[in-house]
Amino acid sequence: MRWISIVCILYATALEAQNGVGLCREWGEAREVGQLDSAIIPEASGMEFSSDFRDRLYHVDDSSTRIHVTDAQGNLLQSVSIEGTGGTDVEDLALGPCGEATCLFIADIGDNSRQRDSIEVIVVEEVEEFSQQVLPRHRIRLRYPDGPIDAEALAVRPNGDIFLMARRLFPDTSETHAELFRLPAAAWVGEANSSPTLEPVSSIDFRELSPTLPGQLVTAMDFSEDGERLLVLTYVDAFEFQIGPAEMFELNPPLNEGQDFLRIRLTPLRQQESVAYVIGSPAVIYGSEAGGGRSPIMRVECRTR
């Protein structure tokens, strides 16, 4: 019996390694772990943990392409300007590879009126010490295959593929579904001046996942460190989707709760529009764009996988 138990443990360990970490089965309650000064960052629309520098957080503001660097509690360390950029509607922030380096991807992708011919992702190399002004490593102008769409969520997988989640609306403004687009790494690396077209990957009808309109509106997303899970924030809750290894992408309806995704029930913030996995820890953080003094940073721990 002892040998059988050992074999079972070894098999389960190997299976877990093969299949990745998997979805979190039980999330704890959200708790406040820090605050942002909204006098400096009035509309915090994107947030990301550094993978190289311990307890460092990056933030972007809705109305500019400045990068704000804070500690894990939101205390400002530095604000960095990006030369030659202004920002139309910056909605999210991601961290990902850019050749041999790690970069920040600033998502100037918002388009509430659906009039932009192209959107832009600005790529800045992550360094230990930023100067007050930096040059972008890439400026990627993107187009959708079927004309302008509004989007607030962007994330980068560990293989360098860029993903956007856009909103499709009925004429009466009821949410229909969120449409996921991809730009493969090969289409943007080294092509700073091109205007590649995003390719559709999948769509999710959030009306099937949430009973209220605010809970159907996607505001931010992030990939897990291994790239096999996708974290999506709405104005009410967050959702963690299982998507498979980086060389594949499995997220096709119908989606089954408990198998394809799980809901993370949050303490909703007014206009919550930023979310990120905590690097090196089974937890997520999220924040608000509402401003009005100091904006909380909330953290939710995974209790069981």
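Which residue lies over the face of F223, and at what distance from the ring centre? R157 does, at 5.5 Å from the ring centre; a charge is taken to sit over a ring if NZ of Lys or CZ of Arg is within 6 Å of the ring centre and within 35 degrees of the ring normal.

1. Basis of the note. The model is predicted: local features need pLDDT of at least 70, side-chain atom pairs count only at pLDDT 80 or more, and totals for chains, interfaces and linings use all residues. Residues are numbered from 1 along each chain as its sequence is written, and side-chain values use heavy atoms, with hydrogens and water left out.

2. The largest nonpolar core. A nonpolar core is a set of buried Ala, Val, Leu, Ile, Met, Phe, Trp, Tyr and Cys residues joined through side-chain atoms within 4.5 Å. Buried denotes under 20% relative accessible area, exposed over 50%, and partly exposed the range in between (1.4 Å probe, protein chains only). The largest such core has 25 residues, and F105, Y144, L154, I162 and L164 have the most contacts inside it. At least two residues of this core come from each of strand 7 (90–98), strand 8 (101–108), strand 9 (119–125), strand 11 (138–142), strand 12 (150–156), strand 13 (162–169) and strand 14 (175–183). Strand 8 provides the largest share, 4 residues. Strands (E, at least two residues) and helices (H or I, at least four) are DSSP runs, numbered from the N terminus.

3. With residues up to four places away in sequence not counted, Y144 touches I119, I149, A151, L164, A166, F181, T197 and L198; contact here means heavy atoms within 4.5 Å. Another core, of 21 residues, lies apart from the largest one and includes A155, L180, I204 and L230. As general background, nonpolar side chains in soluble globular proteins tend to be buried together.

4. Aromatic pairs. The whole structure contains 10 aromatic pairs. Rings of Phe, Tyr and Trp (its six-membered ring) pair if their centres lie within 6.5 Å; planes under 30 degrees apart count as stacked, over 60 as edge-to-face and the rest as tilted. The rings of F163 and F249 are stacked, because their centres are 5.1 Å apart and their planes at 20°. F163 lies in strand 13 and F249 in the loop between strand 18 (238–242) and strand 19, so this pair ties together parts that are 86 residues apart in sequence. Both F163 and F249 are buried.

5. The rings of F239 and F261 have centres 6.2 Å apart and planes at 55°, so the pair is tilted. Because F239 belongs to strand 18 and F261 to strand 19, the pair ties together parts that are 22 residues apart in sequence. F239 and F261 are both buried. Ring pairs also link F206, F239, F241 and F261 into a cluster.

6. H59. This residue is found in strand 4 (residues 56–61) and counts as buried because its relative accessibility is 0%. The side chains of H59 and T70 are joined by a polar contact of 2.9 Å. A polar contact is a pair of N or O atoms within 3.5 Å; within protein, one must be able to donate a hydrogen and the other to accept it, and residues adjacent in sequence count only if both atoms are side-chain atoms. Beyond four places in sequence, H59 touches L36, I41, G46, M47, R66, I67, H68, T70, L93 and I297. Between H59 and I41 there are 18 residues of sequence separation and a C-alpha to C-alpha distance of 8.2 Å.

7. S202 is in strand 15 (residues 199–204) and is buried, with a relative accessible area of 11%. Its side chain reaches the backbone oxygen of L251 at 2.3 Å. Neighbours within four places in sequence aside, S202 is in contact with A178, E179, L180, L251, N252 and P253. S195, in the loop between strand 14 and strand 15, is partly exposed at 36% relative accessibility. S195 and L142 are 53 residues apart in sequence and 5.3 Å apart in space, C-alpha to C-alpha.

8. Positive phi values. D55, which is not a glycine, has a positive phi of about 60°. D55 is in the loop between strand 3 (44–49) and strand 4, and is partly exposed at 42% relative accessibility. Q271, likewise a residue other than glycine, has a positive phi near 60°. Q271 is in the loop between strand 19 (261–264) and strand 20 (272–277), and is partly exposed with a relative accessible area of 33%.
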